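Thanks for asking me to look this over with you.

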Amino acid sequence: MPSRSRPVTDPARARFWERPAQWMYIMPAAAYLLLFFGYPIVKNIVMSFQQYTTTTFYTGAAPFVGLQNYSKILASDLFFKALLTTVLFTAGSIVGQFALGLAFALFFQRRFPLGGVLRSLLLLPWLLPLVVSGTTWKWMLDPDAGVVNAALRGLHLSSSGIPWLTGTSQALVSVILINIWAGIPFNTAILYGGLQDIPTRLYEAAKLDGAGPLASFRHVTWPLLRPVVNVVLVLGVVYTVKVLDIILVVTGGGPAGATETLATQSYELSFQQFEFGRGAAMSNVLIVISLAFAIVYLRANRRARNV
């Protein structure tokens with residue numbers, strides 16, 4: 001009985017249809033990125049070179065002014081003060097979030113009763129909207145009716161209370177502490193996941209060699225956790241330099257501009273003074289600073305690994 005022959009697929013025809021099929025999968029995601037990310041970025045860059053004000057919405061006229069918007073914000077005394085505040089706010093937040101996040105991640109690496117429940121509860125600050133968190137902390141830190149000062153007075157640690165939100169030096173510390181509280185869950189979750197990928201046999205081998213907890217952390221945990229640490233620090237800086245919700249809700253940039261950052265200044269220029277061109281220029285400066293830090297840090301870390 002003659003065998004039935006199978007249809008032979010033309011390899012050239014299969015390769016011809018393979019590329020269009022690949023593009024069909026990519027196009028929806030590419031269109032989404034171009035529409036919701038690419039267009040706003042390009043529009044913001046173009047706007048930063050225009051005199052874009054409220055009259056533009058009626059007349060449509062937005063004349064190009066070149067680098068005038070950038071020169072105005074860079075020549076302002078408020079810019080360098082806001083830049084310093086941004087650096088202090090970012091550095092303090094990142095150090096606190098990372099240190100406490102790593103401590104919690106190492107703590108939860110040990111198995112104990114209700115460990116999973118406590119890890120879940122630790123995620124609550126991350127799940128809450130920052131506006132809600134900021135409003136709650138503003139009430140707690142109120143100099144007169146806040147529960148923090150009430151507790152300090154009850155414990156006889158302070159007779160008049162601490163001006164958490166009204167003192168020029170205390171206000172910046174307050175928003176840094178609030179941002180640390182909000183960022184601890186993110187750091188803990190990412191670092192805890194990185195710790196789970198480290199093989200336990202390495203710790204057992206280190207213990208057999210006589211290494212204690214500190215030596216095991218230095219020679220086993222930290223080297224293998226560094227890729228995750230890089231991701232946490234870079235993302236932490238990128239997220240922190242543009243923090244707006246907490247500062248606006250808690251202090252509004254005050255008192256006397258003590259908590260005014262580049263992000264809040266960009267918001268003020270755009271939505272309070274309606275200088276959209278200068279606000280766009282300020283936000284672009286913020287983007288450049290974030291990208292510069294990420295590139296420098298990643299290159300320095302890559303160079304350190306190659307040594």
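1. Threonine 56 sits in helix α2, residues 56-59. Helices here are DSSP runs of H or I with at least four residues, strands are E runs of at least two, and both are numbered from the N terminus. Threonine 56 has 6% relative accessibility, so it counts as buried; the cut-offs are under 20% relative accessible area for buried, over 50% for exposed and partly exposed in between, with a 1.4 Å probe and protein chains only. Leaving out residues up to four places away in sequence, threonine 56 touches Gln51, Ala61 and Ala62, where contact means heavy atoms within 4.5 Å.

2. A word on the source: this is a predicted model, in which local features need pLDDT of at least 70 and side-chain atom pairs count only at pLDDT 80 or more, while totals for chains, interfaces and linings use all residues. Residues are numbered from 1 along each chain as its sequence is written, and side-chain values use heavy atoms, with hydrogens and water left out.

3. Which residues of helix α3 are buried? In α3, residues 68-75, they are Asn69, Tyr70 and Ile73. These residues cover an arc of only 95° around the axis, which puts them on the same side of α3; the arc is that of the directions from the helix axis to the C-beta atoms.

4. Ile73 turns up again in the largest nonpolar core, which has 29 residues. Such a core is a set of buried Ala, Val, Leu, Ile, Met, Phe, Trp, Tyr and Cys residues joined through side-chain atoms within 4.5 Å. The members that touch the most other members are Ile73, Phe98, Leu191, Leu225, Val229, Leu262 and Met282. At least two residues of this core come from each of α3, α4 (77-109), α9 (168-196), α11 (213-241), α13 (262-271) and α14 (276-306). Not counting residues up to four places away in sequence, leucine 225 touches Leu102, Leu191, Gly194 and Leu195. As background, nonpolar side chains tend to be buried together in soluble globular proteins.

5. There is also a second, separate core of 16 residues, and Trp164, Val175, Ile176 and Ile184 are among its members. Valine 175 belongs to helix α9, and its relative accessible area of 1% makes it buried. Its contacts, leaving aside neighbours within four places in sequence, are Phe89, Val250, Thr251 and Thr259. Phenylalanine 89 is 86 residues from valine 175 along the chain, and their C-alpha atoms are separated by 8.0 Å.

6. Helix α13 deserves a look as well. Seven of its ten residues are buried, so α13 is largely enclosed by the rest of the structure. The buried residues of α13 are Leu262, Ala263, Thr264, Gln265, Ser266, Leu269 and Ser270.

7. On the surface, Leu114, Val117, Leu118, Leu121, Leu124 and Leu127 form a nonpolar patch with about 590 Å² of accessible area together. Leucine 127, in helix α6, counts as exposed at 64% relative accessibility. Patches are made of residues with over 30% relative accessible area and no salt bridge, with like charges joined within 9 Å and nonpolar side chains (Val, Leu, Ile, Met, Phe, Trp, Tyr) within 5 Å. A salt bridge is a side-chain nitrogen of Lys or Arg within 4 Å of a carboxyl oxygen of Asp or Glu, and areas come from the Shrake-Rupley method with a 1.4 Å probe, counting only the protein chains shown as cover for residues.

8. Please check valine 131, in helix α7, residues 130-140. Its relative accessibility is 43%, so valine 131 counts as partly exposed. Asp245 and Val249 are its contacts, not counting residues up to four places away in sequence.

9. Lastly, some backbone details in the loops. The peptide bond from glycine 254 to proline 255 is cis, with omega near 0°; proline 255 lies in the loop between α12 (245-250) and α13. Histidine 156 is not a glycine, yet has a positive phi of about 60°. Histidine 156 is in the loop between α8 (147-154) and α9 and is exposed, with a relative accessible area of 74%. Phenylalanine 274 has a positive phi near 60° and lies in the loop between α13 and α14. At 40% relative accessibility, phenylalanine 274 is partly exposed.
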